[in-house]
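User: Can you walk me through this one? I'd like the terms spelled out as we go.

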Amino acid sequence: MANTLLLEIVTPDRKVLSEDVEYVGAPGALGEFGVLPNHIPFLSALGIGNLHFKNGGKSYYVFVAGGFAEVSGNKMTVLAEVAEKASEIDIDRARKARERAEQRTAKVKENVDWARNQAALRRAIARMSCRESGSQAGTC
Ligand code: ATP
């Protein structure tokens with residue numbers, strides 16, 4: 001029995017990660033789920049949030065937004081619409097994105113796409129917490 005699984009994270013633009021890992025926790029559209037080596041085949045849509053994985057006893061964090069995760073043959077493939085390792089997150093950009101979303105929420109205005117604004121706010125908050133989690137774990 002293998003004691004690691006291969007984790008691959010790709011977006012339409014690039015390969016974000018390809019690593020043997022000990023555990024993956026991912027933000028499924030219906031809630032967080034965990035994957036250990038030798039997991040049964042599994043498919044889930046992804047929400048907005050932080051995927052984390054363990055390697056060499058350390059925790060690593062990756063922001064993901066939308067897409068799918070598939071587990072098959074001791075490999076987990078994440079096809080994300082957007083993904084960034086914690087170390088790649090520009091915290092000032094995320095902070096500004098959060099401020100813009102909060103300002104749109106505060107003003108009573110017509111022509112605001114509230115669902116889009118809510119998704120932008122959730123992305124910004126998740127990016128900030130991803131960077132923070134990575135810093136606390138000493139892995140970004
Ligand atoms: P912004 O309003 O700052 O563009 P956003 O949430 O609308 O934020 P996305 O549509 O999710 O941005 O992503 C567009 C591209 O920009 C993607 O390639 C994504 O990886 C990158 N990106 C967005 N925000 C950040 C960030 N804070 N740090 C690093 N890359 C980012």
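Analyst: One term to begin with: buried means under 20% relative accessible area, exposed over 50%, and partly exposed in between, with a 1.4 Å probe and protein chains only. On that scale Glu88 is partly exposed, with a relative accessible area of 37%.

User: What kind of model is it, and how are residues numbered?

Analyst: It is a predicted model, where local features need pLDDT of at least 70, side-chain atom pairs count only at pLDDT 80 or more, and totals for chains, interfaces and linings use all residues. Residues are numbered from 1 along each chain as its sequence is written, and side-chain values use heavy atoms, with hydrogens and water left out.

User: Back to Glu88. Which residue does Glu88 form a salt bridge with?

Analyst: Arg14, with the closest N and O atoms 3.0 Å apart. A salt bridge here is a side-chain nitrogen of Lys or Arg within 4 Å of a carboxyl oxygen of Asp or Glu. The pair links distant parts of the chain: Glu88 is in the loop between S8 and H1, Arg14 is in the loop between S1 and strand S2 (15-21), and they are 74 residues apart. Helices (H or I, at least four residues) and strands (E, at least two) are DSSP runs, numbered from the N terminus. Arg14 is partly exposed too, at 33%.

User: How many salt bridges by that rule?

Analyst: The count is 6. Among them, Glu8 pairs with Lys15 at 3.9 Å between the closest N and O atoms, and Glu8 also pairs with Lys75 at 3.6 Å. Glu8 sits in strand S1 (residues 5-10) and Lys75 in strand S8, 67 residues apart.

User: Is Glu8 buried or exposed?

Analyst: Buried, at 15% relative accessibility. Lys15 counts as exposed at 53%, and Lys75 as partly exposed at 29%.

User: Switching to rings. How many aromatic pairs?

Analyst: There are 2 aromatic pairs. Phe33 and Phe42 are edge-to-face, 5.0 Å centre to centre with 65° between the planes. Phe53 and Tyr60 are stacked, at 5.2 Å and 10°. The rule: rings of Phe, Tyr and Trp (its six-membered ring) pair if their centres lie within 6.5 Å, and planes under 30 degrees apart count as stacked, over 60 as edge-to-face and the rest as tilted.

User: And how accessible are Phe53 and Tyr60?

Analyst: Phe53 is buried at 2%, while Tyr60 is partly exposed at 25%.

User: Pockets next. What is the volume of the largest pocket?

Analyst: About 290 Å³. On a 1 Å grid over the protein atoms alone, a pocket is an open set of points where a 1.4 Å probe fits, with protein on both sides within 12 Å along at least five of seven lines; lining residues have an atom within 4 Å of a point. Grid points are joined across faces, edges and corners, and a volume is the space filled by probe spheres set on the points.

User: What lines the largest pocket?

Analyst: It has 13 lining residues, with Glu84, Arg93, Ala94, Ala97 and Arg127 nearest its centre. Strand S8 (75-85), helix H1 (91-106) and helix H2 (114-137) each supply at least two of the lining residues.

User: And the second largest pocket, what is its volume?

Analyst: About 190 Å³. Of its 11 lining residues, Arg104, Asp113, Arg116, Asn117 and Ala120 are the closest to its centre. H2 gives the most to this lining, with 4 residues.
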